[in-house]
Amino acid sequence: MSENILSKSGYDQEEAYIKQKEASERLERDKLRAELEKTQQKELHWMKCPKCGGQMEERDMETIKIDICTSCGGMYFDKGEFEIAAKSHESHSMFDKISGFLKW
């Protein structure tokens with residue numbers, strides 16, 4: 001009878017170990033899957049216009065780069081770039097600079 005108790009205890013420990021191992025492997029697979037999805041999303045949307053989906057290209061404007069859509073002409077700033085450009089000490093207003101920059 002004590003043999004059954006010991007063998008049941010052994011099976012319980014083995015089962016717990018297997019479940020722990022499976023959970024660990026599942027977490028690792030989920031992590032890899034999330035990284036792959038992030039990479040795929042970046043490739044799918046990288047430098048695409050949020051308005052029309054056209055291809056974007058970077059253009060230099062003084063100390064920053066502006067992303068301009070080659071299809072619809074939309075202009076986009078990366079985080080913090082507009083603030084940097086707005087603090088520029090040039091004599092023209094920020095909007096004069098932008099409108100002058102667009103005449104290409």
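Helices (H or I, at least four residues) and strands (E, at least two) are DSSP runs, numbered from the N terminus.

**View 1. The whole chain, element by element.** This is a predicted model, where local features need pLDDT of at least 70, side-chain atom pairs count only at pLDDT 80 or more, and totals for chains, interfaces and linings use all residues. Residues are numbered from 1 along each chain as its sequence is written, and side-chain values use heavy atoms, leaving out hydrogens and water. Here you get three helices and three strands, and from the N terminus they run α-β-β-β-α-α.

**View 2. The three-stranded sheet.** The strands make an open sheet in the order β1-β2-β3, with antiparallel pairing (two strands pair if DSSP finds at least two bridges between them). β1 (56-61) and β3 (75-76) sit at the edges with a single partner strand each, so one side of each has no neighbour in the sheet.

**View 3. Zooming in on β1 and β2.** Six bridges join β1 and β2 in the antiparallel sense. One to look for: methionine 56 has cysteine 69 of β2 as its bridge partner.

**View 4. The largest nonpolar core.** Such a core is a set of buried Ala, Val, Leu, Ile, Met, Phe, Trp, Tyr and Cys residues joined through side-chain atoms within 4.5 Å. Buried means under 20% relative accessible area, with a 1.4 Å probe and protein chains only. Six residues make up the largest one: Met61, Ile64, Ile66, Ile68, Met75 and Ala85. Across the chain, 17% of the 104 residues count as buried.

Notes
Buried means under 20% relative accessible area, exposed over 50%, partly exposed in between (1.4 Å probe, protein chains only).
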